[in-house]
Amino acid sequence: MKAEGSALSSAGSYHRLAYHEVINDDNQNKIFTSDDSRLRQLGYKQELYRGLSFIANFSFTFAIVSVLTGISTLYNQALTFGGPITLVYGWPIVSLMTLIVGLAMAEICSAYPTSAGLYYWSAKLSGNYFGPFASWITGWFNIVGQWAVTASIDFSLAQLVQVMILLSTGGLNGGGYQASKYVVIALHGGILLLHAILNSLPISWLSFFGQLAAAWNVLGVFLLMILIPMVSTERASAKFVFTNFNTDNGDGINNNLYIFVLGLLMSQYTLTGYDASAHMTEETKNADKNGPKGIVSAIGISVLAGWAYILGITFAVTDIPHLLNKNNDSGGYAIAQIFYDAFKNRYGSGVGGIICLGVIAIAVFFCGMSSLTSNSRMAYAFSRDGAMPYSSFWHKVNKQEVPLNAVWMSAFIAFCMALTSLGSLVAFQAMTSIATIGLYIAYALPILFRVTLARKSFTPGPFNLGSYGLVVGWVAIFWVALISVLFSLPVAYPITDQTLNYTPVAVGGLLILVVSSWIFSARHWFKGPITNLGNSSEEA
């Protein structure tokens with residue numbers, strides 16, 4: 001790869017190209033689509049197959065956000081801290097702020113539609129002097145956050161499968177099989193293996209699976225939100241669902257505001273991963289329009305579907321202490337116990353509830369698959385710019401124009417992250433806390449540069465917030481700063497009996513590593529995004 005060239009230094013100004021334009025490439029006239037031409041303006045040649053429509057781009061992101069995944073796996077969190085009020089009212093609060101963050105990101109994505117995404121945006125928006133460092137810190141928080149997301153998604157699926165097996169064999173109180181931590185990590189490894197195999201397929205196959213995943217999430221939400229309350233022999237009253245505030249959290253926390261804040265983690269964890277639309281832009285047609293639309297629409301539809309799912313399931317909640325009791329049949333897995341009780345109390349068997357859990361499990365599987373897709377595109381782009389060790393190997397694409405090496409590297413790293421669970425679930429939770437806080441820091445950095453250093457020089461693409469851009473950006477930054485502080489407070493992640501929150505340790509540790517590597521090494525050789533135009537050796 002050659003040093004940063006003119007193609008990148010001039011990439012800050014957006015100008016729309018005609019659909020076909022002749023560009024001189026290595027002294028040869030070639031015809032490129034407007035997408036390819038804009039990518040060349042940004043400094044890169046087209047290497048990935050560009051075949052995704054808006055629906056396909058949206059589907060990948062919607063499958064990653066996956067309300068069935070986030071809400072179901074962290075329902076315990078919101079039920080413990082605040083209960084129905086946190087669930088019903090916390091969701092729209094977080095949703096509104098997340099939509100604002102998404103709008104700010106979408107505007108920048110429209111101007112810079114590249115798989116590099118966030119770290120490229122930071123480089124271009126912070127100027128030549130600060131650009132390399134801004135790109136370095138944003139990129140590493142982004143990619144490590146994505147790996148943590150994939151690790152946590154697939155680990156939560158392994159845990160859900162373990163609970164389904166437990167209930168299928170009689171439940172905790174009926175002598176059911178409770179898998180050891182080694183069986184759970186083996187399940188996690190098997191799931192990641194399947195995801196890596198699927199992501200080795202051409203993008204046309206992944207597009208099909210992505211759209212199937214989006215449809216499955218929508219249909220699953222509406223099936224479960226109607227079926228579970230309908231089957232339940234006892235249903236909560238509207239007064240309970242809309243006014244009950246659970247303060248019995250077992251951690252001795254009595255401040256109602258603090259309790260409510262801790263319960264928001266479920267909503268905020270769920271509404272992450274929408275940067276996937278940006279990372280898929282080099283494979284998306286009309287990327288400067290469809291990439292931003294993918295971000296905003298995935299958030300918007302997830303907000304509506306998620307609230308409907310929360311309301312439906314919460315109407316089946318009548319005994320919070322029972323659902324959270326670690327000695328119940330599901331071992332304290334609230335969603336599983338709700339489903340199991342609903343069918344067992346009406347039909348004398350919980351098999352129907354286990355089947356409903358299967359609907360969630362398939363959604364989580366699709367979520368992990370799409371997350372790994374996004375991971376691999378980010379790793380491909382980051383290594384293309386020379387930021388990762390052995391970059392020349394990781395950014396290669398195969399004959400089907402798939403970044404195969406980046407796919408398998410991302411799967412392997414996600415598995416290694418989950419290995420921390422063998423030592424301590426606290427350590428694993430600290431690792432996966434980067435999935436929420438670390439990822440949102442990566443979201444906020446380019447937005448911060450857009451409203452400060454680039455407030456006068458930024459030229460938006462077709463998705464233009466106009467005069468509201470700066471206001472939206474500042475509100476987005478405020479929200480990220482607020483949740484970063486709030487989720488770093490004690491017992492923000494109470495999945496174990498430990499009350500010490502290791503989030504600031506994990507995120508702070510990552511920050512120290514990234515900044516130290518910059519000071520002692522990267523500042524001497526990493527110059528930010530660099531062009532690969534005219535370098536034939538880039539193609540595998």
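Let's start with Arg384, which forms a salt bridge with Glu282, the closest N and O atoms sitting 2.8 Å apart. By salt bridge I mean a side-chain nitrogen of Lys or Arg within 4 Å of a carboxyl oxygen of Asp or Glu. Arg384 belongs to helix H18 (residues 351–384), Glu282 to the loop between helix H14 (276–279) and helix H15 (287–314), so the pair ties together parts 102 residues apart in sequence. Helices here are DSSP runs (H or I, at least four residues), numbered from the N terminus.

A word on the source. This is a predicted model, where local features need pLDDT of at least 70 and side-chain atom pairs count only at pLDDT 80 or more, while totals for chains, interfaces and linings use all residues. Residues are numbered from 1 along each chain as its sequence is written, and side-chain values use heavy atoms, with hydrogens and water left out.

Back to the pair. Buried or exposed? Arg384 is buried, at 0% relative accessible area. Glu282 is buried too, at 0%. Buried means under 20% relative accessible area, exposed over 50%, partly exposed in between (1.4 Å probe, protein chains only).

Next, Arg377 and Glu283. They form a salt bridge, with the closest N and O atoms 2.9 Å apart. Arg377 is in helix H18 and Glu283 in the loop between H14 and H15, so this pair ties together parts 94 residues apart in sequence. Arg377 is buried, at 0% relative accessibility. Glu283 is buried at 0% as well.

Now Glu107. Its salt bridge partner is Arg450, with the closest N and O atoms 3.2 Å apart. This pair links distant parts of the chain: Glu107 in helix H6 (residues 84–111), Arg450 in helix H23 (residues 437–451), 343 residues apart. Both Glu107 and Arg450 are buried.

How many salt bridges does the rule give? Four.

Key
Helix = DSSP H or I, 4+ residues; strand = E, 2+ residues; numbered from the N terminus.
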